[in-house]
Amino acid sequence: MEGKFVDFIKKNFKGTLPYNIAFKTYYGLKGGFYRYLRFRLLLPAVYDHYSKRPLKTNKVLFIEVREGSLSNDFQLLYDRLKRDYKVNIHIHYLEDYKTGKITQLFRNCNLVKDMADAKYIFISDACRPANCMTLRKGTIMFQVWHACGAFKRFGLSSADKLFGDNKQTQEKYPFHKNYTYAAVSSPEVVWAYEEAFGLKDKPGIVRPTGISRTDVFFDKDYVSSARSRVEDFFPQARGRKIILYAPTFRGRVAEAAAPDRLDIREMKLALSDKYVLLTKQHPFVQNIPPVPEGCEDFAKDCTGKLNIEDCLCAADVCITDYSSIIYEYSLFERPMIFFAYDLDDYNDWRGFFYPYEEMTPGPIYTTTGDIIDYIKSTDEHFDKSQVHAFKEKFMGSCDGHATDRILKLALGKNEKRLRKNR
């Protein structure tokens, strides 16, 4: 009955001032009550009840906040634990923003129940269900984070921006409360994550161990085979250089939109004799812009079909905007181009940890024509030393051994005891 009434009101009164006031108030109160019930009452009570069980010292949890399968953020850690250690691994797929409230609540309850007697918990994104309670003594929660460097503001660092929740809400319903450790890509960015996680008064939690999933970029066999996988997916890339266009999303996570200002037809006319274009949208984007008709032999979208690691290994040039993939890509010391046509709006929306124009290790453009001109003259204008300095500053702890350091730190004194072959 409520649904039919709401539909009637929307159909007849949407856009009027009374509608806007009434419905924003209604949904705000409704959402606030649900959030309070979920994060302040129910989930802490479930966790408290099941944490009376003995702690299982060989139990490991992986929490996938947004994905429905194990992501590359965890894959190397998971493989190493399964191969080398006597541990009982559980994985929870929450799929936030993809499921309804009842499903979310069910999965959240199962998660905190399973967390309650786990010794080790690995997480790679902001997660309120895992941080809405006081973690029991003895449990280690390790935030391995899904991005390198410190580019776009997030967490408490974005509290004064339009993106995300305000500081009061984040403190009442925390995303980052329970970390024992958090991994970052270099000593340079420790301060940024302490600020974003609200840990400025808790030094030593954020550690420059390096990011686990970057280890593959130091595996020569992986890097060489990545090019073959990309060419198998897009045969037109054989014999030509690959331009990767990998922008971040626009708007809020639940309604993430893809930027659509890059003129693929113009790029084809100017560059198709030597290049192909591979496009990869952010995983949050649901409606992928199609490749223009007639450009299929020059451009192909690989969102959801190729992983970003393969794309970065294979790309000869990378075009992005505000995406943190610039840090991983800097490991190859290849040309980067920043297509920042909406920089002022994005800065107002979310902001950056470092001044954008000073940090970016490549030219900033607002038109496709300028991008084409630069690509045609990369041999003449590309400054490799600029990318090298950027890599040393922001990726200094990523050397192919981050997974080793994370596991050694997480398992601590139990590392030797849990090994299969001691």
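Visitor: What does Leu111 touch, not counting residues up to four places away in sequence?
Guide: Leu111 touches Leu61, Ile63, His92, Leu94 and Pro129. Contact here means heavy atoms within 4.5 Å. The model is predicted, and the values below are computed from it.

Visitor: Why is Leu111 called buried?
Guide: The cut-off for buried is under 20% relative accessible area. Leu111 has 0% relative accessibility, so Leu111 counts as buried. Leu111 is found in helix H4.

Visitor: How far is Leu111 from Ile91, in sequence and in space?
Guide: They are 20 residues apart in sequence. From C-alpha to C-alpha, the distance is 9.1 Å.

Visitor: Which strand holds the bridge partner of Phe62, and which residue is that partner?
Guide: The partner is Ile91, in E2. Helix H4 (residues 101-115) packs on the sheet and touches E1, E2, E3 and strand E4 (140-143). The direction of H4 makes about 155° with that of E1.

Visitor: What makes strand E1 and E2 a pair?
Guide: Two strands pair if there are at least two bridges between them. Strand E1 (residues 56-64) and E2 have six bridges, in the parallel sense. So they meet the cut-off of at least two bridges.

Visitor: What is the strand order of the open sheet with E1 in it?
Guide: The order is E2-E1-E3-E4-E5-E6, six strands with parallel pairing.

Visitor: Why are strand E2 and strand E6 said to stand at the edges?
Guide: Strand E2 (88-93) and strand E6 (206-207) each have a single partner strand, so one side of each has no neighbour in the sheet.

Visitor: Where is Asp125, and is Asp125 buried or exposed?
Guide: Asp125 lies in the loop between E3 and E4. Its relative accessible area is 11%. Buried means under 20%, so Asp125 is buried. Apart from neighbours within four places in sequence, Asp125 is in contact with Val65, Arg66, Gln143, Trp145, His146 and Tyr179.

Visitor: At what angle do helix H3 and helix H16 cross?
Guide: The axes of helix H3 (residues 72-84) and helix H16 (residues 402-411) cross at roughly 65° and come within 10 Å. The crossing of H3 past H16 is right-handed.

Visitor: Which residues make the contact of H3 with H16?
Guide: H3 supplies Leu76, Leu77, Arg80 and Leu81. H16 supplies Thr403, Asp404, Ile406, Leu407 and Leu411. By class, six are nonpolar, one is polar and two are charged.

Visitor: Which residues of helix H15 are buried?
Guide: In helix H15 (residues 384-394) they are Val387, Phe390, Lys391 and Phe394.

Visitor: Why are they placed on the same side of H15?
Guide: Because they cover an arc of only 100° around the axis, they sit on the same side of H15. Their cover includes helix H10 (325-330), strand E11 (336-339) and helix H12 (356-359).

Visitor: In what order do the strands of the sheet with E11 run?
Guide: This is an open sheet of six strands, E9-E8-E7-E10-E11-E12, with parallel pairing. Strand E9 (299-301) and strand E12 (364-365) are the edge strands, as each pairs on one side only.

Visitor: How do you know that strand E7 and strand E10 pair?
Guide: The cut-off is at least two bridges. Strand E7 (residues 241-245) and strand E10 (residues 317-320) have three, so they pair, in the parallel sense. Leu244 stands opposite Cys318 in E10.

Note on methods. Residues are numbered from 1 along each chain as its sequence is written. This is a predicted model: local features need pLDDT of at least 70, side-chain atom pairs count only at pLDDT 80 or more; totals for chains, interfaces and linings use all residues. Side-chain values use heavy atoms; hydrogens and water are left out. Axes are lines fitted to C-alpha atoms, for helices over the stretch in contact, and angles run from 0 to 180 degrees between N-to-C directions. Helices (H or I, at least four residues) and strands (E, at least two) are DSSP runs, numbered from the N terminus. A crossing is left-handed if the near helix is turned anticlockwise from the far one by less than a right angle, and right-handed if clockwise. Ala, Val, Leu, Ile, Met, Phe, Trp, Tyr, Cys and Pro count as nonpolar, Asp, Glu, Lys and Arg as charged, and the others, Gly among them, as polar. Buried means under 20% relative accessible area, exposed over 50%, partly exposed in between (1.4 Å probe, protein chains only). The arc is that of the directions from the helix axis to the C-beta atoms.
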